[in-house]
Amino acid sequence: KAIRMLELKPGMTVADIGAGVGYYSLKLASAVGASGKVYATDIQPGMIERLRANLAREGVRNVEPVLSTPTTTGLPTASIDLMILVDVYHEFAEPQKMIAELRRSLKPDGRLVLFEFRKEDPAVPIREEHKMSVAEAKAELEADGLVLEKVLPDLPWQHMMFFRQRTSGK
């Protein structure tokens, strides 16, 4: 459902930031097709190794694993149509540095999508430090040059927040 809600098109270049073993990367790869590309980043070498094994087992060729750092993605400049961060943003040790790095990698019309567990909903069975409200995400990311475009409420426990680059004058 989440992948459908991203409205991906064949040929797009997308990034899965904090991809882990590639659960979403594999689904993104299918959605963008052979003419598209997925960058799957993670800061843990062990996760990148497991991701490579999963890609080989599934025969997926349009995903490029990228070992990143807590403040760099290793992604090319202005290359990404859409990037997803699934329950990742709240884990950043230096969020301002990382947002600057993510923005550098986005195309001018690219979008960044945060999936974060709903802090506003006490029924979501996740520890509070792993939740974020829309207001918190909006305040933090808009302070760093992104604009909240829309929030999709269709996932059972998570916000799905779409951000875009702030254009000059807005």
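## Helix 5 and its surroundings

Gly 145, whose phi is positive and near 95 degrees, follows helix 5; helices (H or I, at least four residues) and strands (E, at least two) are DSSP runs, numbered from the N terminus. The model is a predicted one, in which local features need pLDDT of at least 70 and side-chain atom pairs count only at pLDDT 80 or more, whereas totals for chains, interfaces and linings use all residues. Residues are numbered from 1 along each chain as its sequence is written, and side-chain values use heavy atoms, with hydrogens and water left out.

Within helix 5 (residues 134–143), the buried residues are Val 134, Ala 137, Leu 141 and Glu 142, where buried means under 20% relative accessible area, exposed over 50%, and partly exposed in between (1.4 Å probe, protein chains only). These residues lie on the same side of helix 5 because they cover an arc of only 110 degrees around the axis, the arc being that of the directions from the helix axis to the C-beta atoms. On the face turned away from this buried side are the exposed residues Ala 135, Ala 139 and Ala 143. The cover over the buried residues includes helix 4 (95–105), strand 5 (106–118), strand 6 (131–132), strand 7 (146–152) and strand 8 (158–165), with contact meaning heavy atoms within 4.5 Å.

## Strand 1 and its partner

Five of the five residues of strand 1 (residues 13–17) are buried, and both faces are covered, with Thr 13, Ala 15 and Ile 17 on one side and Val 14 and Asp 16 on the other. Strand 1 runs parallel to strand 2 (residues 37–42), to which five bridges join it; two strands pair if DSSP finds at least two bridges between them. The bridge partner of Ile 17 in strand 2 is Thr 41.

## The loop between strands 3 and 4

Ser 68 is placed in the loop between strand 3 (63–67) and strand 4 (80–86), and is buried, with a relative accessible area of 9%. Not counting residues up to four places away in sequence, Ser 68 touches Thr 41, Asp 42, Ile 43 and Thr 73.

Ala 78 also belongs to the loop between strand 3 and strand 4, but is partly exposed, with a relative accessible area of 39%. Its phi is near 50 degrees, a positive value in a residue other than glycine.

Glu 7, in the loop between helix 1 (2–5) and strand 1, has a positive phi of about 55 degrees although it is not a glycine.
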